[in-house]
Amino acid sequence: MAASANQLRINLAINDTVHGLDIDPRTTLLDLLRETLDLTGTKKGCNHGQCGACTVHVNGQRVLSCLTLAALCDGVQVRTIEGIGTPDDLHPMQDAFIAHDGFQCGYCTSGQIMSALAVLEEPWGPDAAAIKEAMSGNICRCGAYPNIVAAVQEVRKGLEVDRNA
Amino acid sequence: MREFALIRAETADAAIAALTAHPNARLIAGGTNLVDLMKEGVETPTHLIDINGLGGLDDVQARGNGGLMIGALASNSAVAWHSDVQVRFPMMSEAILAGATTQLRNMATMGGNLLQKNRCFYYANHAARCNKRAPGSGCDAMDGVNRMCAVLGTSDHCIAAHPSDVCVALRALDAVVHVTGVNGHRAIDFADFHKRPGDTPHVEFELAHDELILGIEVPGLPFAANSTYLKLRDRTSYAFALVSIAAALKLEGDTVDDVRLAVGSVGTVPWRSADAEDAMRGAPATAETFAKAADIFFEGAIPRAGNGFKIELAKRAIVRVMETLKERAI
Ligand SMILES: Cc1cc2nc3c(=O)[nH]c(=O)nc-3n(C[C@H](O)[C@H](O)[C@H](O)COP(=O)(O)OP(=O)(O)OC[C@H]3O[C@@H](n4cnc5c(N)ncnc54)[C@H](O)[C@@H]3O)c2cc1C
Ligand code: FES
Ligand code: FES
């Protein structure tokens with residue numbers, strides 16, 4: 001993309017670090033994360049809102065970063081997979097994906113996990129059918145779906161146990 | 001994507017002024033439709049006017065008469081999960097939740113949903129002819145891949161189906177769209193908001209360039225508590241409808257006392273038939289009555305080579321939905 005005459009400045013927090021950036025207004029949040037900030041954990045699948053690989057949280061809600069213009073993200077809080085866990089200290093959802101073989105090639109996985117974390121806060125019913133619907137925005141070409149559902153359900157049940165303890 | 005300048009509007013007046021100053025400007029709300037079409041080169045605005053900073057337009061207000069006023073910037077998710085929407089107008093909540101995915105519904109606004117573009121395969125395909133994208137170029141859907149296209153309200157120039165789910169429910173519920181512009185506020189009946197293609201398929205909405213949607217009013221309708229939305233599609237989730245039904249039913253004994261019925265993805269606009277509803281009112285609430293109404297609904301339908309199946313599919317779906325609502329009403 002050639003430099004634009006319309007550069008504009010945005011300030012936004014990504015994984016609790018505040019960034020002040022001069023951007024071309026055409027930049028998507030996805031490209032800002034991957035190309036400008038080198039946060040390549042968030043993936044580009046379709047680039048048209050159809051696959052969910054680019055799922056991140058903006059102000060606590062899961063959204064598609066490929067259809068989000070960075071120019072509209074002034075003042076927002078973004079959370080990406082890099083802000084969830086570290087290799088030495090995985091988030092329980094990441095542990096559950098490993099325990100249940102919730103991926104094969106792994107390309108969709110960061111998006112799956114960002115969606116799965118949001119699902120924990122959303123008003124879905126308790127059964128697996130509800131999880132299938134809740135997670136339908138994250139396509140997995142490797143077809144790890146049953147294992148993904150199992151991982152999400154395990155974490156949800158764990159939370160239930162914690163809450164009742 | 002073509003270059004554009006961003007304008008952040010803090011008030012409706014500022015947004016209207018920016019629209020007036022720039023004939024090729026577009027408002028942007030959730031961006032889920034517009035950004036995609038800008039990437040496709042179908043939308044090439046010189047200016048984007050960000051209306052997300054407009055205050056007071058993102059809530060759902062319950063009205064005393066049992067109705068609702070829904071802000072144009074309320075997210076599709078917020079409306080779908082809102083308890084007043086779920087209790088008073090279940091068809092609306094179900095329609096929203098049947099559309100797109102949570103990520104998209106979190107971003108998408110109600111105003112943007114009303115103005116979403118059609119999903120005809122040829123619309124975003126620059127190699128194809130399309131009278132909506134390039135007026136006067138022709139319509140490749142007529143004799144092309146028209147499986148998703150409309151059978152009602154079509155013209156010789158366009159057969160694209162209206163793709164929205166929630167608009168089907170809003171049509172059944174006689175919603176009113178509140179807009180403001182250079183000439184002040186006006187209220188537009190939902191039936192008039194979306195335009196059939198006729199000779200000008202590119203003119204899609206009853207909305208001037210300088211106008212923006214402020215909110216959507218859903219009038220009180222007590223029997224809409226017994227309503228539902230059925231969406232039939234190629235896969236169970238994350239797909240546009242082949243046909244969809246939004247209906248509400250009120251019985252008086254074994255007789256249909258009142259009914260609302262709109263069908264989605266079969267018309268060039270969200271479709272309703274006064275004759276079909278009249279045929280049910282006062283008639284026995286039986287499968288025969290519902291099937292007769294379904295026949296009336298599709299009188300005058302014009303199938304193309306690929307989409308004739310929609311007529312029978314929708315008729316059976318109407319009967320199934322009415323039977324379901326009948327059981328719930330008893
Ligand atoms: C992969 C995918 C699947 C989808 N599946 C479905 C589905 O199954 N069912 C369904 O119903 N929808 C579906 N959608 C469409 C989705 O519902 C719409 O894209 C969304 O509702 C648009 O809202 P928005 O706020 O993002 O609009 P934007 O993209 O911001 O705007 C859309 C248009 O509306 C105009 N606009 C926005 N707000 C206003 C306002 N207040 N006043 C005047 N003009 C305004 C803009 O200028 C623009 O022209 C899908 C979308 C995608 C990308
Ligand atoms: S890359 Fe965003 S949805 Fe596919
Ligand atoms: S693990 Fe390969 S796409 Fe999901």
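Ala150(A) counts as partly exposed because its relative accessibility is 29%; on this scale, buried means under 20% relative accessible area, exposed over 50%, and partly exposed in between, with a 1.4 Å probe and protein chains only. The residue sits in helix H5 of chain A, residues 145–164. Helices (H or I, at least four residues) and strands (E, at least two) are DSSP runs, numbered from the N terminus. Lys132(A) is 18 residues from Ala150(A) along the chain, and their C-alpha atoms are separated by 10 Å.

The model is predicted: local features need pLDDT of at least 70, side-chain atom pairs count only at pLDDT 80 or more, and totals for chains, interfaces and linings use all residues. Residues are numbered from 1 along each chain as its sequence is written, chains are lettered from A and ligands numbered from 1 in the order in which they are written, and side-chain values use heavy atoms, with hydrogens and water left out. The predictor's confidence in each residue, pLDDT, runs from 0 to 100. Chain B has a mean pLDDT of 98, and 100% of its residues reach 70 or more. For the complex, the predictor gives an ipTM of 0.96 and a pTM of 0.97.

A second residue of chain A is Ile84(A), in the loop between strand E5 (77–79) and helix H2 (92–99). Ile84(A) counts as buried because its relative accessibility is 17%. Leaving aside neighbours within four places in sequence, Ile84(A) is in contact (heavy atoms within 4.5 Å) with Arg79(A), His91(A), Gln94(A), Met114(A) and Leu117(A). Cys46(A) is 38 residues from Ile84(A) in sequence and 24 Å away in space, C-alpha to C-alpha.

Turning to chain B, an open sheet of four strands runs in the order E9-E10-E11-E12, with antiparallel pairing. E9 and strand E12 (271–272) of chain B stand at the edges with a single partner strand each, so one side of each has no neighbour in the sheet. Strands of a sheet pair through backbone hydrogen bonds, either parallel or antiparallel. Here two strands pair if DSSP finds at least two bridges between them.

Strand E10(B), residues 243–252, is mostly covered, with eight of its ten residues buried. Six bridges join E10(B) to strand E9(B), residues 227–232, in the antiparallel sense. In this pairing, Ser227(B) has Ala248(B) as its bridge partner, and Tyr229(B) has Ala246(B). E10(B) also pairs with strand E11(B), residues 255–264, over nine antiparallel bridges; the bridge partner of Ala247(B) in E11(B) is Leu261(B). E10(B) and E11(B) form a hairpin with two residues between them, and Gly253(B) in the turn has a positive phi of about 65°.

The two chains also meet. The contact takes 31 residues from chain B and 38 residues from chain A. About 2,600 Å² is buried between them, 56% of it from carbon and sulfur atoms; buried area is the accessible area (1.4 Å probe) that two parts lose on being put together, summed over both. Lys39(B), Gln103(B) and Tyr238(B) supply 24% of the area that chain B buries against chain A, more than any other three residues.

Across this interface there are 16 residue pairs in polar contact, both residues being at pLDDT 80 or more. A polar contact is a pair of N or O atoms within 3.5 Å; within protein, one must be able to donate a hydrogen and the other to accept it, and residues adjacent in sequence count only if both atoms are side-chain atoms. On the side of chain B that touches chain A, H6(B) gives the most, with six residues.
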